[in-house]
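Hi everyone, thanks for making time for this.

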Amino acid sequence: MREFSADDHVGGAPLASRHHPELRAAARHFGRRHFLTVTAAAAALAFGTQLPARGAAGSTELDAARIPSDPFTLGVASGDPLPDSVLLWTRLAPAPFEPDGGLPQQYVVVEWELALDERFAAPVRSGVAIAYPEYHHTLHIEVTGLEPDRIHYYRFRTGTWLSETGRTRTAPAAGTATASLSYAAVSCQAYSDGYFTAHRHLSEDDVDVVLHLGDYLYEYAVNSAGGHRAYTDRTLPDLFNREARTLEDYRLRYALYKSDPDLRAVHATHPFVVTWDDHETENNYAGTVSENDDPPEEFLLRRAAAYRAYWENQPLRAAQLPNGPDAQLYRRLQWGTLARFDVLDTRQYRSDQVYADTKHTGGPLQDDPTRTITGEAQESWLIDGWRDSPALWNVLSQQVCFSQRKLDLTAEPKMSMDAWDGYRASRRRVLDGAKSAGVENLVVMTGDVHAAYAFDIKDDFDDPASATLGTEFTATSVASGRDGAEKPSTWDTYLRANPHLRFYDGRRGYVRVTLDRQQARADFRTVSAVTTPGAPITTSASFVTEAGHPGLAPA
């Protein structure tokens, strides 16, 4: 077992809202040129906040018996299952809508248990962890030495308070010829756009793991009625009714989202593999470039705050702990010899969008080989990993639409400059890398667009007769875009403009994918509404692609 604590802090202090004026002063102190590197930005961040080292701020213990109400208000979670390890998460917050979560700046001792059964009659591991105030009383516990391919149950205890029970699992052992795997993909859950009904249904679905493909939260203000949730039984505090910019803002926004009972239920039921997109920080940012062209020194400080809050509130390992405004989120997980998951970060390292970051007819900058959506290091890591992959199915877990998506029927159609269409040289290198590595069964998982798509990935998207190199399944949003429609106004246009687009549905939900030795099957699960709670779920369509013969067919 490895428990993360403040002693593991590796640099890059967090941004606290009370230091916002000092951070702006720090930015002016260091000067614009020095902020062209994230290292200098991290140095300024530390300069501005002066985070105490090695748990100094939490050097005294809070007697858990003095916690007056349930501190496990935000539930439990697990993530990144390995053959011998799971990551367990929780946060102590008896008053989650207060900046300090209702706890003083003292550390809290927490016990945890892992067992093979829900009654904890067959214990496997247990231990004691420290929830430090520097990390907002969150816990990230890396439990090791476990048996592969096992279901486990876990819980936390502090004082007289006991958390709910979570369910998780380990991955199959490396080299195991695993027969099958079922996973779900979700994305885009704007709290103010509706209820997380899809998560409730997913918590009742039988999957091994959940991929969250980004936009876990939105930085936008949430009013007292919860936006389109239109609450009549509660009033949200004013502190949510502003755009998130500081560490305190982002931490509070996670508290709001994680207070949702449907999100809590799905986290307690399935292990998650998470990656971010843009809204966890700011809409459509690109690397060090903000949406509104804020000075880089100011935006990197905001990015550091957002990244820190993301790590604190997700079931992520210590390897993903941010260093100031920098974090290595890309990573891979193996599921025996059946599947490999390559988890990408297409925000942190990308070149700025071209043509004013709009839907544009395109031009030569789309094909500029110096531009990248992944960064050179991540691109090489991906392609080199494919060359060594033992997996039958190589699953690319990422954010924005990978396949070409023409948005109209004109001779020079518009495309999204924020998606891979805006970085065509990057896409070409990735596809060529897959071919050279001998990847026969490529599955790209995508979020972002608030719609369910199924694409054949073509070697040449402008030639329908060209080779099909893989499959892309796009998970619609959980709530973003509100209720949506089965056939949005663009439905006919998109299907006619893109012959490789085999399916399009504009309602909310998730996609469930089942892999075995013969085929991959995708079931698109949709709910009829999210602006009212409790809508039923149905399967709107199912598709299969055969192993060794890429190309979608209705199931």
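Predicted model: local features only at pLDDT ≥ 70, side-chain atom pairs only at ≥ 80, totals over all residues.

Take Y220 as a test case: is it buried, partly exposed or exposed? Its relative accessibility is 39%, so Y220 counts as partly exposed. Y218 has a relative accessible area of 7%, so that tyrosine is buried.

Now the overall picture. The chain has 555 residues, and 61% of them are buried. Its secondary structure comes to nine helices and 25 strands. If you take the contacts with a separation of 6 or more, 71% are between residues 24 or more positions apart.

Let's go on to the aromatic rings. How many aromatic pairs does the structure hold? There are 25 aromatic pairs. Our two tyrosines make one of them: Y218 and Y220 form a tilted pair, 6.2 Å centre to centre with 45° between the planes. For another arrangement, find F473 and F524, whose ring centres are 6.2 Å apart and whose planes stand at 70°, so this pair is edge-to-face. F473 belongs to strand β20 (residues 468-474) and F524 to strand β23 (residues 519-527), so the pair ties together parts 51 residues apart in sequence. Both of these phenylalanines are buried.

There is also an aromatic cluster, formed by Y191, Y195, F196, Y231 and Y257. That brings me to an arginine I'd like you to click on, R229. Where is R229 found? Look in the loop between β11 (209-212) and α4 (247-258). R229 is at 4% relative accessibility, so this arginine counts as buried. Its charged end sits over the ring of Y191, 3.7 Å from the ring centre. Leaving out residues up to four places away in sequence, R229 touches Y191, S192, G194, Y195, F196 and D260. With D260 there is a polar contact, side chain to side chain, at 2.9 Å. And if you look along the chain, the C-alpha atoms of R229 and T532 are separated by 6.9 Å, although these residues are 303 residues apart in sequence.

While you're in that area, stay with D260. A side-chain oxygen of D260 reaches to within 2.9 Å of the backbone nitrogen of D262, at the start of helix α5. Helix α5 (residues 261-269) has seven of its nine residues buried, so the rest of the structure largely encloses this helix. The buried residues are D262, L263, A265, V266, H267, A268 and T269. What covers them? The cover includes β2 (76-82), β7 (151-158), β9 (166-169), α3 (197-203), α4 and β12 (272-274).

Next, please turn to the sheet. This is an open sheet of seven strands in the order β13-β14-β16-β18-β20-β19-β21, with mixed pairing. Which strands stand at the edges? They are β13 (331-335) and β21 (501-505), each with a single partner strand, so one side of each is left without a neighbour in the sheet. On average, neighbouring strands here are turned by 20° against each other, direction ignored.

Helix α7 touches β13, β14, β16 (393-397) and β18 (442-446), and its direction makes about 175° with that of β14. Helix α8 (residues 424-436) lies across β18, β19 (452-458) and β20, at about 120° to β20.

Two last stops. T374 lies in the loop between β15 (359-360) and α7 (376-387). T374 is at 2% relative accessibility, so this threonine counts as buried. Leaving aside neighbours within four places in sequence, T374 is in contact with D345, Y349, E379 and W420. Finally, for those who like a charge over a ring, find K487: its charged end sits over the ring of W491, 4.3 Å from the centre.

That's my tour, and I'm happy to take questions.

How values were computed
Residues numbered from 1 in each chain as written. Heavy atoms only, no water. Phe/Tyr/Trp six-rings, centres within 6.5 Å; stacked < 30°, edge-to-face > 60°. Buried < 20%, exposed > 50% of the residue type's maximum accessible area, 1.4 Å probe, protein only. Helix = DSSP H or I, 4+ residues; strand = E, 2+ residues; numbered from the N terminus. Lys NZ or Arg CZ within 6 Å of the ring centre and 35° of its normal. Contact = heavy atoms within 4.5 Å. Polar contact = N/O pair within 3.5 Å; in protein donor to acceptor, adjacent residues only side chain to side chain. Pairing = 2+ DSSP bridges. Axes fitted to C-alpha atoms, helices over the stretch in contact; angles between N-to-C directions.
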